[in-house]
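The structure is shown first, and the notes follow by topic.

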Amino acid sequence: MKDTPADETPQPALTYNRDSFLLPDAEAGRMARMISPLESARLGYRPAGPRVLAAKAAHVTVREGPATASRSHAQAIREEFPDLFGAPVVRFEAGTSEATRRPLTVGVVLSGGQAPGGHNVIAGLHDALVEWHADSRLLGFLGGPRGIFEPDHRELTAAEIDAYRNTGGFDMIGSGRDKIETPEQLAACRETSAALGLDGLLVIGGDDSNTNAAVLAQYFVTHGQPTAVVGAPKTIDGDLKGGGIEASFGFDTATKVYSELIGNVERDALSAKKYWHFIKLMGRSTSHVTLECALATRPNVALIGEEVRQRGWTLEQLTDRVAAAVRERAQEGRFYGVCLVPEGLIEFLPEVGALIEEINALLADGAASSSLSQRLTPQSAGVFNTLPDRIREQLLLDRDSHGNVQVSRIDTEALLIETVRRRLAGDAGYNKKFSAQHHFFGYEGRCAAPTNFDANYTAALGRVAALLIAHEKTGYVCCVGDLAAPAAEWTAGGIPLTSLMTREKRKGEWTPVIAKALVDLEEAPFGELATHRDDWCRDDAYVYPGPIQYFGPPEITERTTRTLQLETSAE
């Protein structure tokens with residue numbers, strides 16, 4: 001057992017001032033860490049939030065809505081989650097809580113990739129737990145889900161949490177991508193929860209992590225473990241939404257970071273007037289980040305994977321479209337431009353997507369990567385052989401935990417540069433230059449200091465988690481709604497995780513999962529892009545958002561994403 005009761009090994013007191021923190025250190029007892037003036041100032045920010053959450057937790061009551069279903073495959077989801085399926089949406093309102101006020105012991109785990117605001121979820125959870133009862137305790141599981149089934153935790157003190165308020169990153173307790181899925185892991189999580197006397201467990205993660213939370217919640221109910229398991233919607237990709245969830249936290253901050261960088265590149269392109277910049281952006285399975293950044297910066301070309309799939313564009317056709325944009329601008333004497341590329345674009349191309357599915361299936365059956373190209377169908381083999389050597393090698397790399405290709409390792413932006421260059425070189429009517437640079441903006445946005453919006457949103461999510469646990473609502477994801485309105489007008493409640501579920505093939509088997517929200521080509525955000533992109537392609541319509549502003553006029557500091565504004569105004 002790695003964990004040691006906090007009362008046997010008290011944590012050193014954590015002190016801080018405007019210049020440095022003294023953080024616990026395993027060997028020396030303390031370690032000094034310098035902080036910037038901005039980080040110091042942000043420690044004093046007090047997040048705004050829903051009016052109902054401003055009251056003491058004991059003065060909040062629960063209102064239940066009608067029973068829910070699942071996104072699809074209702075019978076299969078019901079069979080997998082018999083005690084969770086059909087639960088109602090709940091909403092918190094002012095009133096007197098009917099739950100018993102007693103000290104609560106709650107665990108929290110950060111799961112998956114980092115997203116700005118994770119620390120504030122923990123801070124909001126802690127604040128609400130202490131308001132519920134002064135003797136409540138918050139335990140942080142270290143290094144992600146593995147910290148639950150291979151017990152590794154520590155008690156989080158108020159002083160330590162205060163040192164992380166409004167900061168980016170997940171370094172307070174760390175994160176990991178381990179899944180809780182085997183019978184042994186589930187049983188170990190139950191043993192840990194029972195040994196620690198957990199009243200609740202908050203899983204902060206994306207669609208896969210929240211699916212894990214539902215699995216764990218059902219397992220606990222089946223085996224009589226009275227630990228309420230709830231989730232918080234985290235992912236910078238923006239694909240955990242719908243069904244009542246308006247946005248995943250971190251999306252606002254990350255897209256603003258990327259938009260600043262894109263704006264800088266646009267200004268450089270306009271200044272140097274000699275390069276086309278191809279910029280790949282986060283978004284393995286969806287193009288929300290690319291769409292939001294396009295709306296914020298107005299590049300010359302923005303490729304949306306969902307449109308590519310719907311229209312059935314091949315790599316050749318996509319190349320033709322980008323090459324046409326290069327030609328059009330060159331005719332006006334503009335030998336420069338900016339093209340945004342979603343990370344997962346290659347999987348949206350029909351012929352490449354089919355190729356990847358074949359490779360994934362062969363690997364799942366135990367085929368060696370060295371022999372894969374000989375076992376492909378003739379059609380997929382033809383596609384494989386047309387790709388540059390580097391892309392072919394990347395398609396054969398090790399898979400992720402779901403058995404899927406790791407698209408972040410595929411240089412899709414470089415592939416497009418190569419195919420466009422070949423197309424222009426083969427065009428006898430085009431005798432002008434084409435010089436290109438490629439970039440990948442990914443990790444730069446995952447741990448940024450959260451915007452005021454994300455700082456507010458995440459603190460509210462943490463408070464909602466505490467209320468769901470106090471009212472013994474297991475199998476729910478925290479929900480804060482009306483996000484385009486001022487924070488005081490936001491609503492708060494919970495949504496059954498099973499209501500967000502469908503089924504997908506994972507490693508060759510049908511598995512219940514929370515459905516990813518794709519870019520809807522019929523909704524206002526994509527409509528805005530479609531309306532203006534021809535003009536943006538032809539002209540230098542660039543917008544330079546600049547860095548995130550934390551202080552100043554509300555129209556700057558409280559500005560939400562263009563996506564959220566358009567989705568809300570269209571309702």
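A residue is called buried at under 20% relative accessible area, exposed at over 50%, and partly exposed in between (1.4 Å probe, protein chains only). The model is predicted: local features need pLDDT of at least 70, side-chain atom pairs count only at pLDDT 80 or more, and totals for chains, interfaces and linings use all residues. Numbering runs from 1 along each chain as its sequence is written, and side-chain values use heavy atoms, without hydrogens and water.

**Helix 12**

- Helices (H or I, at least four residues) and strands (E, at least two) are DSSP runs, numbered from the N terminus.
- The buried residues of helix 12 are Leu315, Leu318, Thr319, Val322, Ala323, Ala325, Val326, Arg329 and Ala330.
- They lie on the same side of helix 12, because they cover an arc of only 150° around the axis, the arc being that of the directions from the helix axis to the C-beta atoms.
- Exposed residues Glu316 and Gln331 sit on the face of helix 12 turned away from its buried side.
- Just after helix 12, glycine 333 has a positive phi of about 80°.

**Nonpolar cores**

- A nonpolar core is a set of buried Ala, Val, Leu, Ile, Met, Phe, Trp, Tyr and Cys residues joined through side-chain atoms within 4.5 Å.
- The largest such core has 82 residues, of which Ile122 and Leu202 touch the most other members.
- Helix 20 (residues 452-470) supplies the largest share of this core, 11 residues.
- Leucine 202 has contacts (heavy atoms within 4.5 Å) with residues including Val109, Val121, Leu125, Val230, Ala465 and Cys478, leaving aside residues up to four places away in sequence.
- A second, separate core of 43 residues includes Ala381, Leu415, Leu424 and Phe434.

**Salt bridges**

- A salt bridge is a side-chain nitrogen of Lys or Arg within 4 Å of a carboxyl oxygen of Asp or Glu, and the structure holds 29 of them.
- Lysine 516 and aspartate 207 form one through their side chains (2.9 Å, N to O).
- Lysine 516 is in the loop between strand 19 (509-514) and helix 21 (524-538) and aspartate 207 in helix 8 (residues 207-222), so the pair ties together parts 309 residues apart in sequence.
- Aspartate 207 counts as buried at 7% relative accessibility, while lysine 516 is partly exposed at 26%.
- Arginine 165 and aspartate 162 also pair through their side chains (2.8 Å, N to O), and Asp127, Asp162 and Arg165 are linked in a network of salt bridges.
- Arginine 165 is buried at 14% relative accessibility, whereas aspartate 162 is partly exposed at 27%.
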